[in-house]
Amino acid sequence: MAHLFNRNVLVGVSGGIAAYKSAELVRQLQEIGASVRVIMTRGAREFITPLTLQALSGNPVHTELLDTEAELGMSHIELARWADLLLIAPATADLLARLAAGRADDLLATVALATAAPVLLAPAMNQQMWRDKATTANITTLTARGYSMVGPASGEQACGDVGPGRMAQPEVIAAAAAALFETGLLAGKRVVITAGPTVEALDPVRYISNRSSGKMGYALAQAAVDAGARTTLVSGPVNLPVPDHARLVKVVSANDMLEECLALLPECDIFIACAAVADYRPAAIEQQKIKKGPEQITLQLVRNPDIVATVAASEYRPFTVGFAAETNDLLAHARSKLSRKRLNMIVANDVSDNSIGFNSDNNEATVLWPDGEQAIALTGKGSMARQIIQLIAREHGAGDTGQSN
Ligand code: PMT
């Protein structure tokens, strides 16, 4: 069954009679699991009140581009990054023309330009307007740019005409939105993803760990599930919902994580190491709580096993992807890890910047492989995960035909 669990759907409503149906659409999107925010154009507010959509979505409705208070709440750029999908329903002829021209003359058109998320349009207009060459040309332009369409349906229209131009029914639009995430790129593949921090005990109540929230790894798991992969998350302690259809293996320390990963290897085609694994652990775990004593004490630490390098060197050797969390010389360090750990691919992210990387909702990265690289611009972790999975599917496919792996 179609679902949008853990998805942020930004619904854009433009000014047509079908705007009243967007209330039902918001309800249906939420029913299948989406978090919904709404942008309304000025025209849309002539047909349905923001209050209705605010009550249904549970979030304030965004209407103005140049409104200091609204920008303080959530700026248009934050909205654009928040979205895993921008769904515009209804998309009027005027809005299609403005999008095709790349205009940024209201909040909705600006967010459409500013988002890296996929855009789904549900056109709605009079049948003659839909058939007009200008609209046809705009649709061709937008489709070529990667926008997706659902509808319009044919039938009797509000103006009395009969023909194509009616907005698709809310349940059809919601199903099309869910289908966009089911790419099938990794259909039949078995993917293991490590996520979150590891926790290395010092005594019964203290430990060494790090600020990894698991968001990046869990987003990768969601994207892998959507791509049709049988997905297992090997996760350190985090506080996140497990993506539907992903299997969760809970671990605490680096040694636990290694053991579980090795056990999964005979049934793993692609291994993605996103966890922030502690490089060192206390040499001994005290059985009793360490008492306060001298001014200074020395902790003795020993090296933890390198999980991703062990996986890459194993007899099963899946297509192995690592992450590089760096604070300086990002690409040089990442390239060195790519070859030292014998990885197929590495995702380099700069963790010196608090607004990306550890415990943030956004990330920015460069993905490197032995003979190429691709930058992924600052975006939400959901969108980043989907772009990484696309690259993995492409490069892993290249391996299937003998080029790598
Ligand atoms: O969890 P979030 O809050 O969303 O943050 C995401 C993230 C910043 C943790 C993630 O994007 C990230 O960068 N993960 C890798 C963190 C890390 O440990 O990087 P590293 O450069 O120290 O390690 C390189 C690679 O070796 C990583 O794939 C790591 O998982 C792996 N490794 C490291 C040490 C070790 N003992 N075993 C390993 O497998």
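Predicted model: local features only at pLDDT ≥ 70, side-chain atom pairs only at ≥ 80, totals over all residues.
Q: Which order do the 8 strands of the open sheet come in?
A: They go 12-11-8-13-16-17-18-19, and the pairing is mixed.

Q: OK, and which strands stand at the edges?
A: Strand 12 (246-250) and strand 19 (372-380) do. Each has a single partner strand, so one side of each has no neighbour in the sheet.

Q: How much are neighbouring strands turned against each other?
A: By 20° on average, ignoring direction.

Q: Back to strand 19: how many bridges join strand 18 to it?
A: There are 7, and the two strands run antiparallel. Strand 18 covers residues 362-369. As for who faces whom, Trp369 stands opposite Gly372 in strand 19.

Q: New topic. Which strands does helix 12 lie across?
A: Helix 12 (residues 254-264) lies across strands 8, 11, 12 and 13, and runs at about 165° to strand 11.

Q: What about helix 7, is it enclosed or open?
A: Helix 7 (residues 107-114) is largely enclosed by the rest of the structure, because 6 of its 8 residues are buried.

Q: Which ones are buried?
A: Leu107, Leu108, Ala109, Thr110, Val111 and Ala112.

Q: And what covers them?
A: The cover includes strands 1, 2 and 3, along with helix 5 (76-82) and helix 6 (93-100).

Methods. Residues numbered from 1 in each chain as written. Heavy atoms only, no water. Pairing = 2+ DSSP bridges. Helix = DSSP H or I, 4+ residues; strand = E, 2+ residues; numbered from the N terminus. Axes fitted to C-alpha atoms, helices over the stretch in contact; angles between N-to-C directions. Contact = heavy atoms within 4.5 Å. Buried < 20%, exposed > 50% of the residue type's maximum accessible area, 1.4 Å probe, protein only.
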